[in-house]
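Here are my notes on the model you sent. Please read them with the structure open.

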Amino acid sequence: MLREAIYHRPKNNWSYAYDRETVHLRLRTKRGDVSQVSLVYGDKYNWHIVGCQTAEMKVFAQDSLFDYWQIAVKPTYRRLKYGFKLQEGDETLWMNEQGFHESEPANIYLYYEFPFLNPADVFAPPAWVKDAVFYQIFPERFANGDSSNDPDNVESWGEEPTPSNFFGGDLQGVIDHLDHLEKLGINAIYFNPLFEAPTNHKYDTIDYRKIDPTRK
Ligand SMILES: [Ca+2]
């Protein structure tokens, strides 16, 4: 097993609250290098009484270099001590916060910790997002539906776009093409900035409460 490739951090996308009862844990290994990975886990105040448990992790993604293993765990008391057990052929390796071990480490304080499944850490997207198919629109370059609001020096549609030139796209242009978007199966639009700003991209917003006059 190539130890240099094995990676986990007890935070971010490697260890996170999936919902109020479930922690997702991930580990990376060199692609095709490890045949089995198990999570070794338990409760820090019960570990010495009831011991730890093991549960097999599954490869949930691969790229050209790595396998990515994942498991979902529901800790009884919403907190978790954990480490990993990796196997390939006759070789077994334990990994925890302190690094690699060739026999099972007895000291639970060497293990990783997920301190508490705090409801504030659970990302709760609105229910409609799960069925949404988004289309991202850069309004300046989507369609010019109203030439009366065009900025000065507007280019003819189809000319070469540059980082700073203008084509006059606006909200009317989007409205004019809603049928087309609907036919594509789109039911949500992600707009690049629409608010008042001097550039064509409008990330340099001046007033978040005012639609730019060239977009209206
Ligand atoms: Ca326009």
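1. A term first. Two strands count as paired if DSSP finds at least two bridges between them. The model is a predicted one.

2. S5 and S6 pair in the antiparallel sense, over four bridges. They belong to an open sheet of four strands, in the order S1-S2-S6-S5, with antiparallel pairing. S1 and strand S5 (58-62) are the edge strands, and each pairs on one side only. On average, neighbouring strands of this sheet are turned by 30° against each other, direction ignored. As background, strands of a sheet pair through backbone hydrogen bonds, either parallel or antiparallel.

3. Overall build. The protein has four helices and 14 strands. Its radius of gyration is 26 Å, whereas the globule rule gives 17 Å for 216 residues, so the protein is more spread out than a compact globule. The C-alpha trace spans about 75 × 35 × 35 Å along the principal axes.

4. Domains. The assignment gives domain 1 (3-121) and domain 2 (127-211). How many Å separate the centres of domain 1 and domain 2? The figure is 45 Å, taken over C-alpha atoms.

5. Burial and contacts. Of the 216 residues, 22% count as buried. Now take the contacts with a separation of 6 or more: residues 24 or more positions apart account for 60% of them.

6. The largest nonpolar core. Which residues have the most contacts inside it? They are Val37, Leu39, Met57, Tyr82 and Phe84, in a core of 22 residues. Two or more residues come from each of strand S2 (23-30), strand S3 (36-42), strand S6 (66-73), strand S7 (80-88), strand S8 (91-96) and strand S10 (112-114). There is also a second, separate core of five residues, including Ile137, Ala143, Leu171 and Val174. In general, nonpolar side chains tend to be buried together in soluble globular proteins.

7. A closer look at Tyr82. Leave aside its neighbours within four places in sequence. Tyr82 is then in contact with Leu25, Leu39, Val40, Tyr41, Tyr111 and Tyr112. Leu39 is also listed among the residues with the most contacts inside the largest core.

8. Asn12. Check its backbone. Phi is near 55°, a positive value in a residue other than glycine. Asn12 is found in the segment before strand S1 (15-17).

9. Arg78. Here too phi is positive, at about 60°, although Arg78 is not a glycine. Arg78 lies in the loop between S6 and S7. It has 18 other C-beta atoms within 10 Å. A residue needs 20 or more to be buried, so Arg78 is partly exposed.

10. His101. This residue sits in strand S9 (residues 99-101). With 16 C-beta neighbours inside 10 Å, His101 counts as partly exposed.

Technical notes. Residues are numbered from 1 along each chain as its sequence is written. This is a predicted model: local features need pLDDT of at least 70, side-chain atom pairs count only at pLDDT 80 or more; totals for chains, interfaces and linings use all residues. The radius of gyration is taken over C-alpha atoms; the globule rule is 2.2 Å times the number of residues to the power 0.38. A residue is buried if 20 or more other C-beta atoms lie within 10 Å of its own, exposed if 12 or fewer, and partly exposed in between; C-beta atoms are placed from the backbone. Two residues are in contact if their C-beta atoms, placed from the backbone, lie within 7 Å. A nonpolar core is a set of buried Ala, Val, Leu, Ile, Met, Phe, Trp, Tyr and Cys residues joined through C-beta atoms within 7 Å. Domain bounds come from an automatic or database domain assignment. Axes are lines fitted to C-alpha atoms, for helices over the stretch in contact, and angles run from 0 to 180 degrees between N-to-C directions.
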